[in-house]
Amino acid sequence: MSTADWKNYEPVLIPDIKDLHNIDVYIKNGGYKALTSVLKDKEKWADPKSVINEVKEANIRGRGGAGFNAGLKWSFMPPADGNPRYLACNGDESEPGTFKDRKIFEYNPHVFIEGALIAAYAMEITTIYVYIRGEYRIYIQMMEKAISDAYDKGYIGKNIQGSGYSVDFYVHSGAGAYICGEETSMLESLEGKRGYPRVKPPFPAQKGLWGRPTTINNIETLAHVPAVINRGAAWFKGIGAASHPGPILYGISGHVNKPGVYELPSGVPILDLIHDVAGGMRNGKKLKAVIPGGSSTPILRADQLDGITMDSDSLRTVGSMLGTAGMVVMDEDTDIVDVLWRIAHFYHHESCGQCTPCREGTGWLEKILLKIKNGDGEVKDLDLLLDLTTQMEGRTICALADAAAWPVRFTINRFRDEFEERCKKSVHAFI
Amino acid sequence: MAYEFTKEDLEQIEEIKSRYPEVMPATLPVLWVAQNRFGHVNPEVQNLVAETLGLPHSHVHGVAEFYTQYYKEEKGKYVLDVCTCLSCQLCGGYDILHYLEEKLGIKKGETTQDGMFTLNEAECLGACGYAPMLQVTNDQYVNHLTKEKIDMLVESLKKGEKPEYEKIGMPQRENI
Amino acid sequence: MPEVIIDGKSYKYEGQHKLLQFIQDLGKEVPFFCYHPSMSIPANCRQCMVKVGQYIVDRESGKHELDDKGNKVIRWFPKLQTACNIDIADGMVVHTQETDELVRRAQKDNLELILINHPLDCPICDQAGECPLQIQTYKYGPEGSRFEVKKVHKPKRIQLGPRVVLDAERCINCTRCTRFTQEISKTHQLTITRRGDKNYPTTAPGTEFNDPYSLNTVDICPVGALTSADFRFKARVWEMNQTPGIDITNGKGCNIDLWTRDNIVLRITPRFNMDVNDHWMPDAGREAYKIFNENRISRPLQKLDGEQILSSWNNAVATFIEQIDNTENKNILVIGSPHASVEENYSLAKFSNLMGLNQPVFVPHLKEGAGDGFLITDDQAPNTVGCRLLGFTELDQKALKKEVVKASLVILLSDHLLDRNVLTHKDLDGKFLITLATNHSETTKRADLVIPVTTAAEHAASYVNVDGRIQRTFRAKETKYTNRRLDMEMSEGRLDRYGTNFDNWVTEDNKIDCLPVWRFISEAAGSKGLDLVLSDGREIMDEISSTHNPFKGVSYQLMDEQAGILLINDSKEKTNA
């Protein structure tokens, strides 16, 4: 299916089926068929490695923002040695503009569970943890129910479906820390510690939870796995943009008429998403800017959007990224200075404080932006802000400093006139 | 006041410990058990958690202080976390926050004198499509806020009626 | 042999090394704050950033890829790397701040960020002068600051525990202190609290930082966030002299530095010795600085009509000899001391031998259960093993009492036997007690003749620790009879070197009127016409090593070169290997 046909796309993650969260309904609609197949159909799936190869071939690019081929990531796990190995599922979605994984927890938890179980089998994993942000208490309860149902039906636990494969599956609740969405910070949090990202190497595949091999995948990434197993890698690759194939959960928020989460092929034109999918601009206002994939991805002006599609290649041409595909749409009345200050405030609040450039830089950025927002800034402050972004970017253990720096750099560069407008007029006068 | 876990809590804590190969990973979930029991995890409760798990007091303190959802002191009966981050900001999150400040007669971060409400400004709660929104005491989300909806929410909370789970359908689909 | 190219120079290496440590071991420098060689590496201060790459080598031919000009092509890491946590590898190319503008810029950027919320209160900060942040800011930091907004405020002057004070605003969150309590002392008393730029280290509420090793966190704190409650505001570091020494408060013999100003010891800090105490020492050993200053015996004391009065050295020597001459040898008991050095005990033993008196006996000073298996030992004395190796008779309390009963003259070296309840006043009834001692005590108060002797801060002498390692002290404090400027071995401070007459820096009263044991013994022997001249510790040790087998080959020079020498056989071979 090419990107142009997105209107005829039939959703697979969140299909139009009532009460799909109920395990019986899920099974009736073909659920857990993929899992049963990989566990028992030895002709099709000779060994766990064959599953990894199929997923690698499908090129499911990580939906948490980094976009790394999931199957390739799985293949980094060292050979099983009989000791514990872990799959940690990342349901800590907290990047402003991102609210997609909760839809899976709510409407189709079993597709994620099934995907996680297939991943676990493929990597010969012994325990699965799903880390869900603490604010999602209601979804945590839903997930706990779904996992318990799957245990009852024999899809999780000892000797699954008589296959000889056993795995445990637990929910771990966060407690309010954006940084725990960073994969190694999430491992620290799972281990019961302050969420400080770890220094890499060693990578989690070598030394993850409790020093054992661990793979971390996003919820949506894993939810794509059952369909890849059922329909094959070729089917998945045939959907959407070639470089970033498959369906994507687009979260659209901000000044549109029908905000929400939409499952569509990757590579849908941004303007189609705004005007057709999300019902157009609210109150008939004009489009001013879009943040395409969560608050850390560089903002795009309306005039940059013609022909740009939601995939990494196309977005790169205008200097942005797909991120989490959590799109934030802004209309002509939006105060860009306020928006940037609020984004900076967020990263300042969420910096774990471990690395110097991020701990100090995020606070400094916010304080200068507050000054500018309040009309006390000077034009030289804008240049200082740009300078600070280079002092933070690429200088820390994790990418939070980058995520804080990029919006500042690109928003100022792309809306410089609005920032200068807000700054104090020059006090130099000719006499 | 001396804080103690009930027998049921202790059973739950044992169950939690069984999910992990070590005790330390139980820190976050057991802090949740404690907060659900006592309404907060002040230093005394932190020490109780540390002693129950046999972990250093400083460890539990450091963890409790890192995560924003743990209340390190007693809060109002209802904690209203109003999201003002990005999408909520764009859709009037600050108007909602200021309306609540006015209505409750307190500033963000404060608790009403009757101990009923604590008002906080929250970072992104992952409900960007349903902005503006708030969360009541780490539990239900109340979405698509308007002044009228706030009025109704505050009234029903005063009566002790907690908000129901708001199911928001998928805009693309008919059945769900 | 694999090689690594740092700033254009090639270095061969063997084994595994972290880049930062490797660079330091070469005597070169990359600035850092959080790294500590004895603890885990969090790489959180981000100061030690360097540029790292690898020569591109063609796999098939094994040849380096060359550019147009014939230079080897380097594939650089896309980002700068922290030197602290990167392993060096064969063919690795490293540019430090010495050769790379980008690295210089990155280090400067980082310092600017570290400093924005730092109070910059060096003029009132104890750390000033020995502050890595201050030093590295001078070397690598920006000239000014572009920070024109409000700093973050945090708790100040917090008494974390009995010995450590916290100023959270000065903290740069390197986590050395929390790692110390987690990894080294294992008390887990400290944690980082809060998040982001509000982070700071603290204890759990309601608990205090009473870790028996708590003051080590003050040493390793790279800023003035943690300071010593005791030493706070007492002296600026550049006013003090730093002299190496040995901890004499227990049997471990931690290597220390004595910090003196105007001949008063103001603080004690640990000195690195891989084989003894690493970078650490117990808090108790630091409090011992007081015994060098306070309650000292200055000038000999002699009892007259039941009351001790100040006497002269001539009188003291005369009385000493007179008492020995007037007492039958079999009624004289000479007691050595595990609290005194090898050289002091040896001098006494030699004198005893020449006079035909007994080989000195000694009573170990043990406190069962006091040890922790780390740096605190059951043994409360620094030289128990030294006494044994000198061949002294080791007695327990009962056996000593038996010996005392037989004696009418007791000569006691530096051991407060009454204070530590080995002897009672009754045991000493009717006996003449001569003690050579450093500090006043119940025991010296009882003595009929008190000879003031030098402490470990005033003489160079050796002590053998519980593991059989002999280590020595240096003269840190002047006595009435020593002179810093004439004594080549004494450390000179800035004021000693550059002070003018108007600095008025030397208080005569701070110099104690005491002599090394061997000097007193030589005086006494001289007045008896004996051939016994012991002039200083170095010569005495040479004599011991030629006469006492366990000390064979030991000299001050060797001790200094090897940071102590193991005397006990099985382990001796290990270190010599």
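The radius of gyration here is taken over C-alpha atoms, and the globule rule I compare it with is 2.2 Å times the number of residues to the power 0.38. I'm working on a predicted model.

**Chain A, overall**

I put chain A through that rule first. With 431 residues, a compact globule would have a radius of gyration near 22 Å, and chain A has 22 Å, so the two agree. I then boxed the C-alpha atoms along the principal axes and got roughly 90 × 45 × 35 Å. I looked up burial next: buried residues make up 61% of the 431 in chain A. For contacts between residues at least 6 apart in sequence, I find that 71% join residues at least 24 apart. My element list for chain A has 18 helices and 9 strands.

**Helix H17 of chain A**

I picked out H17(A), residues 400–414, and checked its length. At 1.5 Å a residue, its 15 residues should span 21 Å; I get 22 Å between the end C-alpha atoms, which agrees.

**Where A touches B**

I turned to the contact between chains A and B, which takes 54 residues from chain A and 43 from chain B. On the chain A side, the elements giving two or more residues include helices H5 (101–107), H7 (137–152) and H8 (183–190), plus H14. Strands S3 (168–173), S5 (247–254), S6 (260–265) and S9 (326–331) of chain A are on that list as well. H14(A) gives the largest share, 6 residues. By residue type, I get 23 nonpolar, 18 polar and 13 charged on this side.

**Chain B**

I only checked the domain assignment here. It gives domain 1 as 7–66 and domain 2 as 78–158 of chain B. I get 29 Å between the C-alpha centres of these two domains.

I looked at S24(C), residues 469–472, from both sides. Strand S23 (462–464) of chain C joins it through 3 bridges, running antiparallel, and Ser462(C) has Arg472(C) as its bridge partner. S23(C) and S24(C) make a hairpin with 4 residues between them, and in the turn I noted Gly468(C) with a positive phi of about 85 degrees. Strand S25 (565–566) of chain C is also antiparallel to S24(C), with 2 bridges; there Ile470(C) stands opposite Ile565(C).

Which way do the residues of S24(C) point? Arg469(C) and Gln471(C) go one way, Ile470(C) and Arg472(C) the other, and all are buried.

**Chain C, the S7-S8-S11 sheet**

My last stop was an open sheet of 3 strands in the order S7-S8-S11 of chain C, with antiparallel pairing. S7 (158–159) and S11 (226–228) of chain C are the edge strands, each pairing on one side only. Between S7(C) and S8 (164–166) of chain C I find 2 bridges, and Ile158(C) stands opposite Leu166(C) in S8(C).

Key. Residues numbered from 1 in each chain as written. Chains lettered and ligands numbered in written order. Predicted model: local features only at pLDDT ≥ 70, side-chain atom pairs only at ≥ 80, totals over all residues. Expected span 1.5 Å × (residues − 1). Contact = placed C-beta atoms within 7 Å. Nonpolar A, V, L, I, M, F, W, Y, C, P; charged D, E, K, R; others polar. Buried ≥ 20, exposed ≤ 12 C-beta atoms within 10 Å, placed from the backbone. Pairing = 2+ DSSP bridges. Domains from an automatic or database assignment.
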